[in-house]
Amino acid sequence: VDPKVIPLGSLVYITSVDGKSWSYGPAYAHDVGGGIKGNSIDLYFNTLSQCYSFGRRMCTVYVLG
C-alpha cells in the first residue's frame with residue numbers, strides 16, 4: 001500500500017467494484033512496495049500461479065481500522 005493513502009497496519013476489506021463478482025476479503029496493510037503509489041495496492045497469494053490467475057483488477061478497498 002501507499003501509506004499516504006492507507007495507513008500501515010490498517011485492517012482492510014477488498015472486494016470487486018460491484019461487490020458481487022469476487023472478494024479477496026479482509027487483510028492487513030503490512031507491505032510498502034516501491035511501485036505502489038496512490039490508489040493502488042498489491043495482494044498476496046500463496047503461489048505465482050494464483051497471482052497470474054488473479055491478474056490486475058479494479059477493486060474497492062474499505063479501511064476498517
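In strand S2, Ala27 is the bridge partner of Val12, and Gly25 of S2 stands opposite Ile14. The model is a predicted one, in which local features require pLDDT of at least 70 and side-chain atom pairs count only at pLDDT 80 or more, whereas totals for chains, interfaces and linings use all residues. Residues are numbered from 1 along each chain as its sequence is written, and side-chain values use heavy atoms, with hydrogens and water left out.

Strands S1 (11-16) and S2 (23-28), like the helix discussed below, are DSSP runs numbered from the N terminus (E, at least two residues, for strands; H or I, at least four, for helices). S1 and S2 run antiparallel and are joined by 5 bridges, two strands being taken as paired if DSSP finds at least two bridges between them. They form a hairpin with 6 residues between them, and in the turn Gly19 has a positive phi of about 75°. S1 also pairs with S3 in the antiparallel sense, over 5 bridges, and Thr60 in S3 is the bridge partner of Thr15.

A search of the whole structure finds 3 aromatic pairs, rings of Phe, Tyr and Trp (its six-membered ring) being paired if their centres lie within 6.5 Å, with planes under 30 degrees apart counted as stacked, over 60 as edge-to-face and the rest as tilted. The rings of Trp22 and Phe54 have centres 5.1 Å apart and planes at 90°, so this pair is edge-to-face. It links distant parts of the chain, with Trp22 in the loop between S1 and S2 and Phe54 in helix H1 (residues 48-54), 32 residues apart. For Phe45 and Phe54 the ring centres are 5.1 Å apart and the planes at 40°, so that pair is tilted. Ring pairs link Trp22, Tyr24, Phe45 and Phe54 into a cluster. The charged end of Arg57 sits over the ring of Phe54, 3.9 Å from its centre, and over the ring of Trp22, 5.4 Å from its centre (CZ of Arg or NZ of Lys within 6 Å of the ring centre and within 35 degrees of the ring normal).

Trp22 is buried, with a relative accessible area of 17%, and Phe54 is buried at 16%; buried means under 20% relative accessible area, exposed over 50% and partly exposed in between (1.4 Å probe, protein chains only). Leaving aside neighbours within four places in sequence, Trp22 is in contact (heavy atoms within 4.5 Å) with Ile14, Thr15, Ser16, Phe54, Arg57, Met58 and Cys59. Not counting residues up to four places away in sequence, Ala29 touches Val1, Ile6, Pro7, Leu8, Gly9 and Ser10.
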